[in-house]
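Dear colleague,

Please look through it first and then read on.

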Amino acid sequence: MRGFELVHPGSLADAIGLLDTDDDTVRPFSGGTALMLMMKTGVFRPSRLVHLGRIGDAYSEITASPAGGLRIGAMATLSALEHSPEVIRVAPVVARAMTRLANVRVRNVACVGGNLAHGDPHMDLPPVLAALGGSVSVAGPQGTRDVAVEKLFSGYYETVLGRGELITDVVLPSQRGWSSAYLKCTTRSADDWPALGVAVSLRIEGGAISEARVVVSAATEILTRLTTAESALTGAAADESTFARACEAAAAEAEMVEDARGSADYKTQLLRVYLRRALTQAVQDGAVS
Amino acid sequence: MTIHRPTIDRPMPAGQVGRSVPRLEARQKVTGRADYVHNLVVPRMLYCKVVRSTVPHGRILSIDTSAAEALEGVYRVVTADDIRTVVPNPFYGPAFHDQPVLAVEKVRHVGEPVVAVLAEDPYVAAEAAQLVTVEYEPMEAVFDEIEAMTSTAVVHEVLKPAGTFPDLKHLVGRRDTNIALDYRLRRGDVDAAFAAADHVFAHEFKTQQVMHTPLEPMVSLAEPGEDTLTIHTASQSPSFVRIEIARLLGWPENRVRVKVPHLGGGFGAKLYIKLEALVACLALLVRRPVKWSLTMEEQFYTITKHASTFRIESAVDKEGRVTGRRCEVFWNGGAYADIGPRVTQKSGFTAPGPYDIDNVSIDSYALYTNRPPAGALRGFGIPQLVWAYESHTDLIARGLGLDPVAFRRKNLLRDGRPQATGTPVRDAAIEGVLDDIAARMAWETPFDRGSGPVKRGRGIAVGFKASIAPTTSVAIVNVAADGSANLYLSTVDMGQGSDTAMAQIVAETLTLRTEDVKVVHPDTDVTPYDMATLGSRSTFHAGNAVKLAAEHARDQIAALAASLGLPPGSNYAPADLFKKKYGMQAGNIIGVGTYIPEYKSPAPETGLSDNVTPFWMVGGTGVEIEVDTETGHVRILRMVNACDLGRPLNPKIVETQISGAALMQLGFTMFENMDLDDGQVTNASLADYKIPGMHDVPDQMESVITEAEQKSGPYGAKGVGESATFGVSPAIANAIHDAVGVRLTEMPLTPQAVFRALREAELNSSTTSA
Ligand SMILES: Cc1cc2nc3c(=O)[nH]c(=O)nc-3n(C[C@H](O)[C@H](O)[C@H](O)COP(=O)(O)OP(=O)(O)OC[C@H]3O[C@@H](n4cnc5c(N)ncnc54)[C@H](O)[C@@H]3O)c2cc1C
């Protein structure tokens, strides 16, 4: 790693201006925890890093909407998510997921925007946000747009973000009436990257599931919504036999990738077990009011 | 985690030995003031970065350094030809002179250093290293230790054992073999024992290649003088570095100075000679100081722990006594021997385990392969052996329907009985360790086996180790005119607490406060010879030398008192004696101690000797675990580690050695694994090679100091740095078997491996019942 330029734009517009280039050695820098790893191993050699720390305090704020949703600034740190009373009230599953994400030092500097934009399928936050129906606000040279978190990833370490585009916020719709859970499974040390992440979000009315979102990550090449599992859940009673059917559907549907954390077959088994446990836990924890 | 403190805390008369003295360097370390080579910068220093081989085995066709040389800021790019101008025969190693300072003509493993780049800026050196291109003609490679026995791929055309070891002489000049050392032991009539056996059990066990992962990666800095060379290095063996560098350069020892400050962990990685040979050559070549610091990633290509295959076979009579045992052990030594041949022999002879078996044969082979080299790692081969023999022992007990603890008791080596080599086992509390674990775990009482998909089980294992012999330690105690004392010693405190323990021995002997003894860190111009800080030898060997040195000083103080006309036993402080003698605060007293235990080398044909080790280390582990049968996850609810370390010099340090060793072995047992693809380590980083973290510590952990005394040790003590590694792996595998009825014979014991075994067992039982 040799010298590079680190710039600190004072506004979002300036940051976008600096990033509006085809030079892929110029990149935004939020917490730097992912970038620094790539720089140290020589995978990424920047010429210029555009630090987003000074684009405005609004981009690190977390606010609850009157309707029961949440707006999270892209520059909010993962620690802020973990401890925010709003997050704990509106989307407790997000705060809980943070406690097993990396370690305190990483969480204190890593930002929500960087976590999403990195495009690493092993991250814990994206599947949770996707299951909650979250979207990101994106600002770029051509203006702003919204992208659902589940549509943000286009490949392994790839996102749909275009030239000069930045994530500015994460928006969660109303969580009232939704029961959610996220389980991560590690197969080596407890603090390893997940071999599998499963996030579920259910709307249960009168004992029956009216809406369901099931998201798998880490074991698949990109974060994936499991629609056949969702269909198996929707309209059925929230009970063991429904969950068993959903788990078999998920196992048939998900395309698992073999790596040092396990074979594809083994990860399929983990999905069967962990999806059932996540569904059970979501029901147990109950709905957000 | 709850840690149960050992109960033994019995200080000696002066109150120093046996006291849990807080570590002398603790404050310096937590305040960031401790010295490490890592932080050392000297004027005109150049940084080195090496270009490493990308192929596992190949002939070097060409090296193009021009682009690197053209990069601004590059001082020099160095190849083996340049090294030869400084050292004509640039091959080093503790057992074999087989390792080139930079690759000569061919490379033998991925990651082998081929070219060195020097620059004032380490980042420039790193960038220039990327610009060097090396062309190779690939050669057939061999990676597996069993294949290496017969493969047509030969890693070294000719064996080059170092002349210093008599037991390697027969290997000189051997060609076209990957067997670096074949150690054999023959005792009794094994064939007859098997012919007469009521039961025969045969199994094969394997371990994987793992790494020491010291958090301070290896680092060395060489500074040339007028006709001297000073090497600052994070080494566990400064005396060996001095001798080996002097040999390479053809210099007398006294012109090479080796200094070692604190180490950020060693675990065997920083032993013998590692980075020192290259920095020495580079510094002399360019006449400037040169520093070489490895990254964590590079350590995976530098030294590792042997992967192994162990075939073990036992003859058992109808009373459940083991009457014969055959052991065949294959050690995957990687591309360079390092200390592998020593592991093969010094550990190999304990392969039958701590059992009283009359008829034994052992064949232990050190093999060259095209993997990164393997050397010593906390346990020196013993954990690989115990993994096999204690898994095997458990399987025999199960096969005979006997309780595993009762079966062990029936066969244990008891005091005075000869071990496989014929050396009688003395001061080895093998039974005491087993009893302590069984008692803590309430082995005789019924055990809750869990319910639903989560099953519970428990397992136990004991192992032992002989100390490497014969080795020498020398110590100097310098009593100043005010009565304060310095201890000069080349033993390296790499975090294990030896400075504190050694100071306690001086303090106890001279009746001082431990905190008032200053330990001078290794500096071969100043501190005397010590073979190396390895194999848990320091407490015993260096400890004995320190005690002798302190006694020598104490005797001289007494003689001084007598010469001044003071009656024996009169209560004069040393300071008063000096003053009386010299008329002022002046002078000093130097006590010197040299220790080498008695030893008889094994007969080459039979491997037998009646005095093969000065002491035995004993360690055992008991675990209670939970297996999630739906996923194969194993959770360790409770782990008890008991060790015989003689009397504890410092109970608190002993306890951390026990828990630390056990946790390190826990990582090797459960998940650590160097993933290799055509000789390339695909997970060579801390992000992808996982070591245990806080959440992997068993819910309940107990460290037990078994009641014992090593009569020949200093104040009854002996080493303990490795003992708690012995039993961990088999205890867990035994517990898995106990919980869910499946046996894993290959480490690591990953959830996937457990799950697969469960599935297979299920399939087998459904096919047999169908
Ligand atoms: C030791 C360690 C352990 C870890 N363990 C875990 C774990 O268990 N689970 C887990 O989920 N994660 C884990 N992580 C990853 C961690 O969560 C991410 O590194 C972190 O979230 C990235 O955020 P950052 O702000 O540091 O990103 P940066 O490193 O600053 O940036 C990451 C990427 O996003 C881009 N970027 C940054 N901000 C924006 C933006 N606003 N808009 C567009 N692009 C942007 C950057 O250009 C870069 O490409 C671990 C990391 C470390 C170092």
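**Where the chains and the ligand meet**

I begin with one pair of residues, in which the side chain of B:Glu630 and the side chain of A:Arg276 form a salt bridge, with 2.8 Å from N to O. Please keep in mind throughout that this is a predicted model. Across the interface of chain A and chain B, 5 salt bridges are found by the rule, and the count of residue pairs in polar contact between chain A and chain B, with both residues at pLDDT 80 or more, is 9. On the side of chain A that touches chain B, the largest share comes from helix H11 of chain A (residues 264-285), which supplies 7 residues. By class, that side of chain A is made up of 9 nonpolar, 6 polar and 8 charged residues. Taken as a whole, the contact draws on 23 residues from chain A and 24 residues from chain B, and the area buried between chain A and chain B is about 2000 Å², with 49% of it given by carbon and sulfur atoms.

Next comes the ligand, which is surrounded by 28 residues, the closest being A:Pro28, A:Gly31, A:Gly32, A:Thr33 and A:Asp124. The ligand taken alone exposes 970 Å², and the protein buries 91% of that.

Which elements of chain A each supply at least two residues of the shell around the ligand? They are strand S2 (26-29), helix H2 (33-40), helix H7 (112-117) and strand S10 (166-172), and the largest share, 4 residues, comes from H7(A). Sorted by class, the shell around the ligand holds 17 nonpolar, 8 polar and 3 charged residues.

**Within the chains**

Over all chains, the count of salt bridges by this rule comes to 67. One pair to look at is A:Arg96 and A:Asp285, whose side chains meet in a salt bridge at 3.3 Å, N to O. This pair links distant parts of the chain, with A:Arg96 in helix H5 of chain A (residues 92-98) and A:Asp285 in helix H11 of chain A, 189 residues apart.

A few points of backbone geometry in chain B remain. In general, most residues other than glycine have a negative phi, and most peptide bonds are trans. The peptide bond from B:Ala469 to B:Pro470, however, is cis, with omega near -10°, and B:Pro470 is found in the loop between strand S22 (454-466) and strand S23 (473-480) of chain B. B:Met747 and B:Pro748 are also joined by a cis peptide bond, with omega about -5°, and B:Pro748 lies in the loop between helix H18 (728-740) and helix H19 (751-769) of chain B. Finally, B:Tyr272, a residue other than glycine, has a positive phi, near 55°, and B:Tyr272 lies in the loop between strand S14 (256-259) and helix H8 (276-286) of chain B.

With best wishes

Note on methods. Residues numbered from 1 in each chain as written. Chains lettered and ligands numbered in written order. Predicted model: local features only at pLDDT ≥ 70, side-chain atom pairs only at ≥ 80, totals over all residues. Heavy atoms only, no water. Contact = heavy atoms within 4.5 Å. Buried area = accessible area lost by both parts, 1.4 Å probe. Salt bridge = Lys/Arg side-chain N within 4 Å of Asp/Glu carboxyl O. Polar contact = N/O pair within 3.5 Å; in protein donor to acceptor, adjacent residues only side chain to side chain. Nonpolar A, V, L, I, M, F, W, Y, C, P; charged D, E, K, R; others polar. Near = heavy atom within 4 Å. Areas by Shrake-Rupley, 256 points an atom, 1.4 Å probe, with all protein chains shown as cover.
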